Amino acid sequence: MMTWRGYIGLICPSMAVTTEDDFNRNMPEGVGVCSMHIYFEPIGPTPENLREMVKGLEGGCKIFDEPRARPDVIIFGCTSGSMINGFTFDKECIKLIEDKTGVRGLTTSTAVLEAFETLGVSRPAVITPYPEATNVMEKAFLEANGLTVTNIVDMNKQRLWVPLIEPTYVYQQIKKMDLNGADSIFISCTGLNILSMIPIIEEDFGLPVITSNQASIWASLRYARIGAKNPKLGKLSLVKKRNGSPRIGREDPFLFLWRC
């Protein structure tokens, strides 16, 4: 039985082939993944397209209604999609997942926030394949959740299909970034094929690296109470597990306006 140790449900955009591949290739022995795709227009991660895609999240939960297919945790594997409607939107997505399935919920943006907290860093330089309007939204989300974004860069000016962006290209774009004042590097987007580069980037730039799929895998295993460590996933995977609950109880300190 492939899931004797744990079973993770993954809901991701229809174009996110990298997400599914990264999850399946990086599960420890005895942990299985069941994935469900929700439709995402191939025009890319614009705020409008992300909001339309998120409407399919409820439908994506349906596969997990069957008791025999009920996993330990279900993650909505999309960074920008799980923060597109405000700085507590990840919590709204989690509630929807839990209400519809009865299974503990998680999102990539929640996982990313928990990764920053676990590593003890709070000043990321952020690189994404998103257009400016989506980067504005992401920066606002991160800063409303206690981080200070020192720099945010769109590396995908040609608006390529994200899974086609080469890992070496991402490395070169990080090399061009202004990292002054940063205590970490956040490579945002579950569609990016970048996991294999994490140890190299950490070694060369001397900063811990968080990526969307790395954080998603790490948090999903943590929520499923799987303690396996994977050095290929960088420093995050090697940090000793902290006691207590994941990030809870975030409250809106101000009126959060979205103008994307």
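Here, buried means under 20% relative accessible area, exposed means over 50%, and partly exposed lies in between (1.4 Å probe, protein chains only). The views below come from a predicted model, in which local features need pLDDT of at least 70 and side-chain atom pairs count only at pLDDT 80 or more, while totals for chains, interfaces and linings use all residues. Residues are numbered from 1 along each chain as its sequence is written, and side-chain values use heavy atoms, with hydrogens and water left out.

**View 1. I74 and I75 in strand 3.** Welcome to strand 3, which holds I74 and also I75; helices (H or I, at least four residues) and strands (E, at least two) are DSSP runs, numbered from the N terminus. I74 is buried, with a relative accessible area of 0%, and I75 is buried with a value of 0% too. Contact means heavy atoms within 4.5 Å. Beyond residues up to four places away in sequence, I74 touches several residues, among them F64, I97, T101 and V103. With neighbours within four places set aside, the contacts of I75 include F23, T107, S216 and S220. For I75 and N135, 60 residues apart along the chain, the C-alpha separation is 22 Å.

**View 2. The buried side of helix 1.** Helix 1 (residues 17-25) has T18, T19, D22 and F23 as its buried residues. They sit on the same side of the helix because they cover an arc of only 130° around the axis, the arc being that of the directions from the helix axis to the C-beta atoms. Their packing partners are strand 1 (6-13), strand 2 (31-38), strand 3 (73-76) and helix 9 (212-223).

View 3. In helix 7 (residues 167-176), the buried residues are P167, V170, Y171, Q173 and I174. Down the axis they fall within an arc of 165°, so they line one face of the helix. T168, K175 and K176 are exposed on the other side. Among the elements covering the buried residues are strand 5 (124-128), strand 7 (184-187) and helix 8 (198-205).

View 4. T211 is found in strand 8 (residues 209-211) and counts as buried at 1% relative accessibility.

View 5. C189 is not a glycine, yet its phi is positive, at about 130°. C189 is placed in the loop between strand 7 and helix 8, where it counts as buried at 13% relative accessibility. R225, also a residue other than glycine, has a positive phi near 65°. Its place is in the loop between helix 9 and helix 10 (235-238), and R225 counts as exposed at 73% relative accessibility.
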